[in-house]
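Hi,

Here is the structure I said I'd pass along.

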Amino acid sequence: MAEPLAFQTTADMVKKKRSVNAPPRAQRFDIQLRLSYRACGETAWHRGLMKTISCSGLLFLAEQPLKAKTRVEMIFEMPVEVGGEIGAEVECRGEIVRSDPAPKDNAGILLAATIVEYSFMRGGMRHLG
């Protein structure tokens, strides 16, 4: 008996075409760093723990959730191995693109954020607690 023909919808063909033509994903680095974050326009900083970082964004465990499309400011201390100096902080601005429940062994929520712009701060304001 012959196998039935499989029909693809236009949406299926578009998905396949996108995945084949999509640019390669930026290399991600697993890293455990404390960070401070807040929605743009807020005055209070919240604490988080960075899990991964790339040139285009980061994933962090957050104490306070933020909704997708929220513009966000983040500050973290660059590791000496990467930045070459002790105490160099990076200030980033971006946008929350995803929020997921934290793994069972962690409290909080996982937030994924883009990095749209960044600058290095040396000896400036300290938001890390």
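Strands β4 (residues 71-77) and β5 (residues 88-101) pair antiparallel, with seven bridges between them. Within that pairing, F76 has V90 in β5 as its bridge partner. β5 also runs antiparallel to β6 (residues 109-114), joined to that strand by five bridges; here I96 is bridged to A113 in β6. For reference, strands are DSSP runs of E with at least two residues, numbered from the N terminus, and two of them pair if DSSP finds at least two bridges between them.

Keep in mind that this is a predicted model: local features need pLDDT of at least 70, side-chain atom pairs count only at pLDDT 80 or more, and totals for chains, interfaces and linings use all residues. Residues are numbered from 1 along each chain as its sequence is written, and side-chain values use heavy atoms, with hydrogens and water left out.

On to the rings. There are two aromatic pairs in the structure (Phe, Tyr or Trp rings, the six-membered one for Trp, with centres within 6.5 Å; planes under 30 degrees apart are stacked, over 60 edge-to-face, the rest tilted). Y37 and F60 have ring centres 5.0 Å apart and planes at 55 degrees, so that pair is tilted. Since Y37 sits in β1 (residues 29-39) and F60 in β3 (residues 57-62), the pair ties together parts 23 residues apart in sequence. Y37 and F60 are both buried (under 20% relative accessible area; exposed is over 50%, partly exposed in between, with a 1.4 Å probe and protein chains only).

With ring centres 5.9 Å apart and planes at 90 degrees, Y118 and F120 make an edge-to-face pair. Y118 counts as exposed at 56% relative accessibility, while F120 is partly exposed at 40%.

Cheers

Conventions
Helix = DSSP H or I, 4+ residues; strand = E, 2+ residues; numbered from the N terminus.
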